[in-house]
Amino acid sequence: MHSASRGSADGKIHDLRTVGRNVNNMREVEVVVIGAGQAGLSSAHHLRRAGFEPDRGFVVLDHSPGPGGAWQFRWPSLTYGKVHGMHALPGMELDDADPARASSEVISEYFERYERTFDLRVRRPVDVRAVREGSGGRLLVETSDGDWSARALINATGTWDRPFWPRYPGRETFRGRQLHTARYPGPEAFAGQRVVVVGGGASGTQHLLEIAPYAAATTWVTRRPPVFREGPFDEEAGRAAVALVEERVRQGLPPRSVVSVTGLPLNDAIRRGLADGVLDRRPMFERITPDGVEWADGRRVAADVILWATGFRPAVGHLAPLRLREPGGGIRVEGTRAVADPRIHLVGYGPSASTIGANRAGRAAVRDIRRLLAREEPAAA
Ligand SMILES: Cc1cc2nc3c(=O)[nH]c(=O)nc-3n(C[C@H](O)[C@H](O)[C@H](O)COP(=O)(O)OP(=O)(O)OC[C@H]3O[C@@H](n4cnc5c(N)ncnc54)[C@H](O)[C@@H]3O)c2cc1C
């Protein structure tokens with residue numbers, strides 16, 4: 001199958017059939033993992049356990065500057081104590097983390113330690129620009145640092161790189177500042193300002209509760225009335241929520257976030273916000289004006305800032321050449337495997353877009369890939 005390939009002492013294999021490509025920079029591995037967040041590191045860990053060697057058997061590519069996945073970019077006021085429940089990566093606990101420290105620091109340090117301990121050799125910053133059909137049934141992974149050829153691919157690129165901004169008329173006329181959760185700088189930056197927060201998810205409510213003590217005024221708008229969840233969120237409820245998202249991706253619909261189907265936990269901070277009016281939600285405005293926002297009935301709110309807490313979409317644009325997308329707009333996924341191409345696995349996508357989901361999906365993807373590549377079961381650990 002790889003008759004036109006030539007190995008070399010440094011472990012690189014130069015594919016002679018890729019005429020016109022950067023031949024000297026073509027490296028061959030069994031599995032390319034794109035992304036070194038929770039999903040990518042969990043996958044890499046299970047690849048190692050299954051006997052794949054770093055650099056030869058698999059490679060992890062990530063375009064961010066350092067370890068931590070998307071966590072490295074989260075705002076300083078999102079302390080470790082405020083995250084909803086961070087599951088440790090497989091095989092290494094995250095003990096004794098100071099809840100008052102920024103989660104961006106705590107988790108980046110933990111991921112760095114994890115990569116080192118398990119010798120995962122993440123290559124960064126390497127931007128994967130496109131994945132396309134290669135030669136001999138292999139996949140060609142084009143990056144900012146040359147090409148890779150692989151028999152299977154684990155896509156673990158998360159959503160952080162694709163903030164979603166809904167379009168509303170007049171957006172470009174607004175004279176104030178507009179920003180998305182992805183660039184939220186923390187509450188102090190809104191001191192004395194009139195802030196409209198758009199979005200009914202966890203980020204929107206957290207932003208409001210933080211900003212309100214600093215801002216001159218806050219207004220909360222959401223498309224649908226927010227759903228608050230009373231009582232504990234047990235495992236059964238969690239499974240039911242995941243099953244809903246799973247069904248969407250099985251049908252090839254764009255996944256919704258797991259949080260969007262679980263509702264917002266009615267914790268003490270939210271209760272206080274509801275009681276003191278900070279979480280007094282208004283329906284979505286009709287248009288944006290130079291000075292603020294306006295509803296269909298003519299009511300207006302003046303604003304200096306519109307903060308879009310409107311979520312993220314899966315960062316899968318680099319997979320476009322493989323034409324995996326269904327008419328429904330999503331990629332049909334069974335377990336973690338793309339239905340249209342069994343070489344491609346999506347981990348941290350749809351139902352596995354949580355730290356616990358990403359852990360499980362990494363293991364499932366590797367199990368499936370081993371079967372695909374007809375590998376032997378490793379000796380019991
Ligand atoms: C504000 C916020 C808070 C959250 N809190 C929690 C929580 O408390 N608990 C929880 O379980 N979940 C939480 N989540 C969901 C959380 O993001 C996921 O659980 C998990 O961390 C995502 O891991 P991931 O590996 O899929 O993605 P990411 O952490 O986003 O990692 C993806 C990696 O892929 C890289 N990448 C992307 N595109 C490319 C490319 N083309 N080429 C190369 N590299 C690329 C990125 O650099 C990044 O390092 C939160 C999400 C948000 C937005």
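**Close-up views of a predicted model**

**View 1. The open sheet.** Five strands with parallel pairing make up an open sheet, in the order E8-E17-E9-E10-E13. Strand E8 (177–180) and strand E13 (281–283) are the edge strands, each pairing on one side only. From one strand to the next, the twist averages 25°. Two strands pair if DSSP finds at least two bridges between them; strands (E, at least two residues) and helices (H or I, at least four) are DSSP runs numbered from the N terminus. This is a predicted model, in which local features need pLDDT of at least 70 and side-chain atom pairs count only at pLDDT 80 or more, while totals for chains, interfaces and linings use all residues. Residues are numbered from 1 along each chain as its sequence is written, and side-chain values use heavy atoms, with hydrogens and water left out.

**View 2. Pairing of E8 with E17.** E8 and strand E17 (residues 305–308) run parallel and are joined by four bridges. Glutamine 178 has isoleucine 306 of E17 as its bridge partner.

**View 3. Helix H3 on the sheet.** Helix H3 (residues 202–211) packs on the sheet and touches strand E9 (194–198), strand E10 (217–222) and E17; contact means heavy atoms within 4.5 Å. The direction of H3 makes about 170° with that of E10. Axes are lines fitted to C-alpha atoms, for helices over the stretch in contact, and angles run from 0 to 180 degrees between N-to-C directions. Eight of the 10 residues of H3 are buried, so the helix is largely enclosed by the rest of the structure. Among them are His207, Leu208 and Ile211. Buried means under 20% relative accessible area, exposed over 50%, and partly exposed in between (1.4 Å probe, protein chains only).

**View 4. A stacked aromatic pair.** Tryptophan 160 and phenylalanine 312 are stacked, at 4.9 Å centre to centre with 20° between the planes. Rings of Phe, Tyr and Trp (its six-membered ring) pair if their centres lie within 6.5 Å; planes under 30 degrees apart count as stacked, over 60 as edge-to-face and the rest as tilted. The two residues are 152 residues apart in the chain. Tryptophan 160 is buried, with a relative accessible area of 11%.

View 5. Tryptophan 165 and tryptophan 308 form a tilted pair, 6.4 Å centre to centre and 45° between the planes. Tryptophan 165 is partly exposed at 29% relative accessible area, whereas tryptophan 308 is buried at 0%. Trp165, Tyr168, Phe285, Trp295 and Trp308 form one aromatic cluster.
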